[in-house]
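User: I am new to this structure and would like a short walk through it. Could we look at it together?

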Amino acid sequence: MPAGRPGPAAQSARRPPRPLSSLWSPLLLCVLGVPRGGSGAHTAVISPQDPTLLIGSSLQATCSIHGDTPGATAEGLYWTLNGRRLPSELSHLLNTSTLALALANLNGSRQQSGDNLVCHAQDGSILAGSCLYVGLPPEKPFNISCWSRNMKDLTCRWTPGTRGETFLHTNYSLKYKLRWYGQDNTCEEYHTVGPHSCHIPKDLALFTPYEIWVEATNRLGSARSDVLTLDVLDVVTTDPPPDVHVSRVGGLEDQLSVRWVSPPALKDFLFQAKYQIRYRVEDSVDWKVVDDVSNQTSCRLAGLKPGTVYFVQVRCNPFGIYGSKKAGIWSEWSHPTAASTPRSERPGPGGGVCEPRGGEPSSGPVRRELKQFLGWLKKHAYCSNLSFRLYDQWRAWMQKSHKTRNQDEGILPSGRRGTARGPAG
Amino acid sequence: MDPQADSPVSFLPHLEAKIRQTHNLARLLTKYAEQLLEEYVQQQGDPFGLPGFSPPRLSLAGLSGPSPSHMGLPLSERLRQDAAALDALPGLLDAVRRRQAELNPSSPRLLRNLEDAARQARALGVAVETVLAALGSAARGPGPEPAATTALSTANNAAGIFSAKVLGLHVCGLYGEWVNRTEGDLSQLVPGDVA
């Protein structure tokens with residue numbers, strides 16, 4: 001319905017009220033306490049009431065005028081489905097008081113509350129209605145995957161089925177139980193990480209396997225996924241490493257130092273951890289990944305381009321927690337941290353590895369600095385007089401520029417951020 | 001209590017503020033009621049919401065729309081009827097919400113709007129009763145609400161789904177009519193406003 005247009009009830013409020021209709025209204029009698037079966041609607045009844053049907057099936061329906069309505073006849077009645085008048089050739093008079101309808105090859109329901117099949121009098125007034133539910137039974141859910149954040153909870157998600165929409169409201173229920181004992185439990189917090197997901201916030205056992213499955217139910221049937229068996233310790237993920245700092249390595253124009261802190265939530269349990277670092281040039285979308293950064297909280301990136309802003313992220317895999325032999329699940333990437341390599345006239349090779357600590361600079365720092373200063377002078381100096389004062393001003397400007405870039409948390413000039421995080425894995 | 005008989009009416013500042021506040025609330029709820037109706041018809045599907053869609057007007061026991069003679073009544077009586085209707089509406093809106101939770105479980109906005117409407121009707125009704133009391137006119141007692149709600153629940157459960165949709169449309173329409181009527185009646189009390 002277009003926004004802003006007054007609804008029918010609002011419109012009717014501005015018209016003089018209809019006199020109480022001389023036509024008998026079963027619904028009115030119903031609300032006054034007189035029991036009434038069938039459609040309960042208006043001056044006729046549609047049969048069947050609110051049927052559920054498979055896509056592609058047929059429907060035979062009737063609209064029968066109430067017998068005690070004086071002069072009432074089915075002559076001139078017609079049908080609409082979701083507001084559209086149905087072709088007259090689809091209906092025929094069964095008798096003087098009944099109009100029949102035959103629909104074939106039904107499409108899936110347009111809305112979850114059912115398709116509105118309505119029987120109208122010749123003047124267009126509504127005599128009765130029935131809601132059709134046309135769809136498909138649910139398919140077997142599959143591809144259940146679960147992860148635990150810091151061993152405190154369990155989040156699972158699944159795929160509903162390959163066929164896609166059922167056209168009927170389908171209820172998904174994630175069930176779980178301890179493998180060798182205990183009763184079935186039902187997850188209660190749905191849609192936490194997407195439409196087909198559920199979150200179990202607490203009371204999870206460790207060192208013992210759970211059985212997890214999904215049940216799908218709608219008006220046409222139900223389906224159950226295969227059972228996934230897992231130990232919470234085998235699917236642990238954690239928070240991204242906090243306090244990631246990226247800084248220059250003295251005046252070395254092709255290196256940056258990255259430092260971070262081990263995720264605090266697992267600090268009492270994380271005997272081993274793996275880290276990954278990824279970095280990219282400011283105006284590039286291609287990340288380079290440094291793998292196998294094992295159990296250390298710093299790394300030096302080398303082979304970088306001088307005078308270039310880099311964005312850096314770190315993530316953690318708490319593998320082997322409590323002796324688990326499984327790989328563990330990578331955390332999300334930390335917030336991007338940016339830093340720039342010092343500028344030089346010589347371009348760097350552009351590659352990147354994580355250098356061991358204590359790596360030596362490739363050339364004298366003073367000489368390199370002077371070269372950079374001369375380059376800056378060409379751009380900014382208004383006179384050719386060199387002086388220590390001018391040199392000191394330049395150094396102060398460099399430090400300020402370096403500090404400003406390190407405070408940048410990944411906002412590019414175009415407003416883009418680094419790559420969005422999804423569930424790592 | 002008829003501002004038309006005693007003009008100009010002098011109000012205490014706090015009463016004036018309360019009247020303005022209640023009038024503003026009614027005005028706001030009139031807009032919300034329109035949004036509720038739009039959301040409702042959208043979720044029921046066509047022909048609900050189509051131009052010209054006009055199911056038979058239903059009459060719930062104990063609650064109907066403002067009568068044509070409403071405007072001819074003294075203001076105090078009009079406000080009493082407004083308060084009585086607003087007192088009955090929360091139960092009806094709750095009944096509609098429960099039914100819609102079965103019919104449209106994946107429509108959280110509609111369900112939330114219905115829940116909000118029940119609370120808003122209750123709040124406006126209480127505010128109108130407070131104004132009436134301050135003006136020395138007592139509001140009526142709870143009266144019709146239990147009967148109307150029971151009747152709607154019975155109808156909802158016994159009737160088919162199409163009829164349940166029509167009933168819900170009717171209740172949403174009544175809510176809009178009554179908050180709109182309340183806003184109009186209160187406007188005659190707001191100092192400085194012309195009736």
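User: Which elements each supply at least two residues of the lining of the second largest pocket?
Analyst: They are β12 (171-178) of chain A together with α1 (13-44) of chain B. Helices (H or I, at least four residues) and strands (E, at least two) are DSSP runs, numbered from the N terminus. This is a predicted model, in which local features need pLDDT of at least 70 and side-chain atom pairs count only at pLDDT 80 or more, while totals for chains, interfaces and linings use all residues. Residues are numbered from 1 along each chain as its sequence is written, and chains are lettered from A.

User: What counts as a pocket or a cavity?
Analyst: On a 1 Å grid over the protein atoms alone, a cavity is a set of points where a 1.4 Å probe fits but cannot get out, and a pocket is an open set with protein on both sides within 12 Å along at least five of seven lines; lining residues have an atom within 4 Å of a point.

User: How much space lies in that second largest pocket, and which residues are closest to its centre?
Analyst: The space is about 750 Å³, a volume being the space filled by probe spheres set on the grid points. Of the 31 lining residues, Q112(A), L168(A), H169(A), T170(A) and S106(B) are the closest to the centre. With three residues, α1(B) gives the most to this lining.

User: How many cavities of 30 Å³ or more does the structure hold?
Analyst: It holds one. The largest cavity has a volume of about 50 Å³, and among the residues that line it are P138(A), R163(A), E165(A) and Y172(A).

User: Changing topic, what is the strand order in the open sheet of four strands in chain A?
Analyst: The order is β1-β3-β7-β6, with antiparallel pairing. At the edges are β1 (44-47) and β6 (91-95) of chain A, each of which pairs on one side only. Two strands pair if DSSP finds at least two bridges between them.

User: How many bridges join β3 and β7 of chain A?
Analyst: Strand β3 (residues 59-65) and strand β7 (residues 98-103) of chain A pair over six bridges, in the antiparallel sense. Within that pairing, Q60(A) has A102(A) in β7(A) as its bridge partner.

User: Where in chain B is confidence lowest, and where is it highest?
Analyst: The lowest is in helix α4 (residues 145-158) of chain B, at a mean pLDDT of 58, and the highest is in helix α3 (residues 108-134) of chain B, at 96. Here pLDDT is the predictor's confidence in each residue, from 0 to 100. For chain B the mean is 85.

Terms used:
Heavy atoms only, no water.
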